[in-house]
Amino acid sequence: MCPLSAQNTPVLIIGGGVAGLTAALELDRRGLPSLLVDKGPRLGGQARGFCCKALVSCARCGACRVGDLLEQVARRPGIQVLTQALPVAAQRQGPGWEVTLIPQPAPEGSAPALAPALAMERPLAQRLVVQAGAVILAVGHQVFDPARKSRLGHGRVPGVISAGQLEQALAQGGLPGQARRIAFIQCVGSRDQVLGRLYCSRVCCGFALRLARLARHLAPESAVTFFHMDVQDYGQAWRAELAEMRADLRFIRAIPGQVRRGQEGPVVAYAGEGGQPQEEEFDLVVLATGLEPPTAAPAFNEMFGLQPGPEGFLAPGAGVLVAGTAAGPRSIAESIEHAALAAAQAGLHLAAGQPAPRGEVAHA
Amino acid sequence: MRLNDCDPGFKQEIAREPGGQGIQACFACAACTARCPVGELKPEYDPRRLLRLAVLGRREEVLASPLIWLCCSCQSCSEVCPQDVRCSDVLTAIKNLAARAGYAPPSGQAMARQLAAHGRLLTVGEFENEKRAELGLPPVSEEPADYQAILGAEAAAPRPAGEGA
Ligand SMILES: Cc1cc2nc3c(=O)[nH]c(=O)nc-3n(C[C@H](O)[C@H](O)[C@H](O)COP(=O)(O)OP(=O)(O)OC[C@H]3O[C@@H](n4cnc5c(N)ncnc54)[C@H](O)[C@@H]3O)c2cc1C
Ligand code: SF4
Ligand code: SF4
């Protein structure tokens, strides 16, 4: 329980996903205590529910980094954690901020107060005002709701699921049902002018292909088709993996026009090899949903007087830094790097007692 | 394909035509092809391929292609396109450029000539004029000079095929 109604901290970190956890650890490494708050009952963010995508050796998907970070944070006394704490107001206080947090009810079906995964997860009991020298916003992203792309059948055609749903199913034990003919459709909610989402979400090619390979591994008799425009490049090691995947999976360079209900499973309409329309039935269609700005972005812009960032994501301001996918689409590994940079900038801001530089970190 | 054979200004030329602006947003995803009813009947007809060739600047290849005239403007492609390209409007723009370059198909040219000469594609005979009289309307003649006056003799006369723009 937290009896305090006011508290001081050098840095207030809002959001306890991989980015928030990394920022706290990086500040701790520099001898700076921090207060890490999350509106939910658990730390770890969205990556907490991801499955390990290793076959025989590590697939470098980043899913296990969450567990490592949680363990490290639990061992650092300099990092204070408050869960079920929602920031609702902020006021400029010298070079820093005074932020008001209010308690959030525990979501139904969870019992965090009785069985916290780690002793550090402590729910906020009453309204709390925090004085912080700097604030790091690490509130993450929103996953695109695939039902908004209604012609792809999510929520309407049985057998059409999102990549997140497949992650969950695999993390809990296996492929849904007797899925043997599996299709992935890429760029759902990304690179789409009609939806006002012109950007590439950067991570979906990687996680979808790793999920595809894992599905083939779990059900060797399965066949996977990958509908895409182009595949993002994640560097040297990825290129070698990709060559293997190209040999093992069917790559079709076309985004389907429609998914409808078929006799047994969803039927996908797409441009066949010669450029003629074609239909094919699958058991499972997986939509690779993209990353959207955090839903709370407008609220934070107003609270901290921030200018909206690119594509509606968050941008830093005076005494406010942004880390992880709150600032734009990035992977777990990239979010970790980005958060370490934000922590370094927060350190500089505290040292200077004035707003941190906006662009690159200056040499200390 | 040699880059030297491509006309980099072709896509801008299309974009300047009414309805042609969308071509600049196309990233060749093929959602349009997937839903095209013409492609179901005529496998060689592939809207993504036509737009891609146009973006690459294959001017003559696109304008001379008999396939561009197969688009039936049903707008199925516009409905599915994530980039709001309005593919069938772009094809209309391409058809207009092709017609100006003298590539309109013979049937289309014949219709244009008929229209210019007679003001209509259907012939008007005694039957039609009897009906008009019953309705108290004046008779129309086979070759009214007013049509030429309205359309302008020059604009009405289609250029023969092969005579460049
Ligand atoms: C379907 C899918 C699959 C993916 N698979 C992979 C993969 O295999 N590998 C990979 O590297 N990346 C993957 N990613 C990307 C990965 O999810 C992100 O890189 C990562 O989660 C970003 O971490 P974060 O800490 O910035 O944000 P998040 O994980 O979103 O964490 C944000 C935290 O902030 C909290 N929060 C939000 N709003 C508030 C608020 N107002 N107040 C207080 N707290 C708040 C949330 O409760 C949450 O705990 C995937 C993404 C998607 C959509
Ligand atoms: S990462 Fe791949 S699937 Fe995701 S938006 Fe970019 S190109 Fe599309
Ligand atoms: S659907 Fe639109 S973006 Fe995709 S190929 Fe067709 S015209 Fe281009």
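In chain B of this predicted model, residues 24 or more positions apart account for 67% of the contacts (heavy atoms within 4.5 Å) with a separation of 6 or more. The chain holds 11 helices and 0 strands, where helices (H or I, at least four residues) and strands (E, at least two) are DSSP runs numbered from the N terminus. From the N terminus on, its elements run α-α-α-α-α-α-α-α-α-α-α. Of the 165 residues in chain B, 39% are buried, that is, under 20% relative accessible area with a 1.4 Å probe and protein chains only, with exposed meaning over 50% and partly exposed in between. The accessible surface of chain B (Shrake-Rupley method, 1.4 Å probe) comes to about 9,400 Å², and carbon and sulfur atoms contribute 56% of that surface.

The model is predicted, and local features need pLDDT of at least 70, side-chain atom pairs count only at pLDDT 80 or more, and totals for chains, interfaces and linings use all residues. Residues are numbered from 1 along each chain as its sequence is written, chains are lettered from A and ligands numbered from 1 in the order in which they are written, and side-chain values use heavy atoms, with hydrogens and water left out.

The contact between the chains takes 21 residues from chain A and 21 residues from chain B. About 1,500 Å² is buried between chain A and chain B, 55% of it on carbon and sulfur atoms; buried area is the accessible area (1.4 Å probe) that two parts lose on being put together, summed over both. Of the area that chain A buries against chain B, 29% is supplied by A:Gln193, A:Arg253 and A:Pro277, more than by any other three residues. Across this interface 0 salt bridges are found, taking a side-chain nitrogen of Lys or Arg within 4 Å of a carboxyl oxygen of Asp or Glu as the criterion.

The residues around ligand 3 (a heavy atom within 4 Å) include B:Cys26, B:Cys29, B:Cys32 and B:Cys81. Also among them are B:Phe27, B:Leu51, B:Gln83 and B:Val85. By class, this shell has 10 nonpolar, 1 polar and no charged residues, with Ala, Val, Leu, Ile, Met, Phe, Trp, Tyr, Cys and Pro counted as nonpolar, Asp, Glu, Lys and Arg as charged, and the others, Gly among them, as polar. The shell of ligand 2 comprises 5 nonpolar, 4 polar and 3 charged residues. Among the residues surrounding ligand 2 are A:Cys187, A:Cys200, A:Cys204 and A:Cys205. Two or more residues of that shell come from each of β9 (181-188) and α4 (204-218) of chain A.

In chain A, A:Asn301 is found in helix α6 (residues 297-304). A:Asn301 counts as buried because its relative accessibility is 12%.
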